[in-house]
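Let's take a walk through a protein model together. Have the sequence and the 3D view ready.

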Amino acid sequence: MNFNLGFSLREALKNLRLNLLMSVTAVTTTAVCILILGSGMLVSAHVEGIIRNVGQDVTIEAFFPKDTEEEKIEQARSSLEGYPEVKESTYISKEEALRRFQEMMADQPDIVQDIGPDVLPASIEIQLKDSRDSEAVADKLRAEGFTELSYPQQVINDLNEYTGSVIWALRGATALLFVASVLLIFNTIRLSIFARRKEIEIMKLVGATDEFVRTPFVLEGLVQGLIGAGLAALLVVWTNTLFVGWAPEALPRVPISSAAVNTPLVLLVLISVGVFIGVVGSYLSVRRFLRV
Amino acid sequence: MIYFNNVTKVYGRDAVALKDVNLSIEPGEFVFLVGASGSGKSTMLRLILKETEPTSGTISVNGMKLSTILRREVPNHRRAIGCVFQDFKLLPNKTVTENVAYAMEVTGQRRRAIRTKVPQILELVGLQGKKNKYPGQLSGGEQQRVSVARAFISQPPILIADEPTGNLDPETSVGIMQLLHRINRIGTTVLVATHDKEMVDVMRKRVVALEEGRIVRDKVRGVYADEL
């Protein structure tokens, strides 16, 4: 058959305009659902990001006994370099420790005044690749002769216990939102096509092929999905940009970073979901009325 | 042109709509199918359109056995049959012109052909002045004329009408019948299901009478009821 995409597209756009209320309903439903789904994705991504950042921030401080010789310090540093669990280690000399202390206490100069460079011990700050290794690394350090270690064991333990469940709970919630969105949008499309089932019957009786009847409806679904999901996705990404810009000032202690959200991926996922539901929903809804 | 061979149609388990019907309609005939509501007229039309399948027996239309037509070939089959319905079945979102043009568009005809042909057919049915109106803005008679125009635009060899005057007043009905008569005179086979007694009696065409799913009378130049 001489199939005419131009005709279908003109029909689709005309029907969108003529059934304006239905089109607006479908677009709005899509937009709201995608907005909620997008917000779910954002929250989930940021919480995961924060948890990961906190986990990464776990550092072990290993203090050298006061009278450690330079040579021994050198030895310890080079042996640390060889630990597979260690991402980075920084040597902090006595002088550096004092400078940091002074900086921290800048508004209480009288406390700083009496402290000489010999009071604070030299140390090594060790950043781990994975916070779960902290106990093992600490044991190794003790074996190396470090007696004084400082690391937030409790925080690490708590984090490891709950991180997994929190992340999975968030992912589960996002999945539920996804399912709810799909059903809600699908239902709206079905209703709008149900309202036009007579038209479909007439088209079939006049001799239209299934494809000829269906294509304009599917294109309508595509346009509705694209507009609804597109608007919602842009709003989600824009909100995220505002949030990431606002967070460092308002929540300086929470490690929120823009890297937690993969913006192009979020845009792509949200718009694809909207378009997919629009197209598949229309296709399936029309099919039910094509059997004339 | 249209042949029913021992056709029986049962809806559900025991609702018999047609019982062992045999009927031959030759090319160029004008046939009235008469009978009370529920006598099986609409079922015969639906069978011809392959909207439904017979329970037993065979039907052939346009030289094709309907049972051999695949589902995807049904649209082609229907394009050879113009249809006029009691409730007009116009697309509410399309103007008169667009409704008529749709029947050509489904067959993939060129826009230029559509643009020249639609005004011609609208003139034939006397609706050239209403071409940009929507069905809701037309009277019943006008809507039925749009429906006839749409049925006839592709010049199908067969035109079937299901109670075409059922919703119209007698004067308007005459106009529609004259239109069908003209379409018949240029060679189209016309089959009209009706219980419009006056119309059948005036036209004096072949009359096939159905009663409870059986053909009880088949007369050339007949009338609605048997003369007593």
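We will look at a sheet, then at the nonpolar cores.

This is a predicted model, in which local features need pLDDT of at least 70, side-chain atom pairs count only at pLDDT 80 or more, and totals for chains, interfaces and linings use all residues. Residues are numbered from 1 along each chain as its sequence is written, while chains are lettered from A and ligands numbered from 1 in the order in which they are written.

Start in chain A, with an open sheet of four strands in the order β2-β3-β1-β4, paired antiparallel. Strands here are DSSP runs of E with at least two residues, helices are runs of H or I with at least four, and both are numbered from the N terminus; two strands pair if DSSP finds at least two bridges between them.

A:Ser89 has A:Ile126 as its bridge partner in β3(A).

Now for the cores. A nonpolar core is a set of buried Ala, Val, Leu, Ile, Met, Phe, Trp, Tyr and Cys residues joined through C-beta atoms within 7 Å, and buried means that 20 or more other C-beta atoms, placed from the backbone, lie within 10 Å of a residue's own. The largest nonpolar core has 106 residues, and helix α9 (residues 210–250) of chain A gives the largest share, eleven residues. A second, separate core has ten residues, including A:Ile124 and A:Phe146.

Technical notes. A residue is buried if 20 or more other C-beta atoms lie within 10 Å of its own, exposed if 12 or fewer, and partly exposed in between; C-beta atoms are placed from the backbone.
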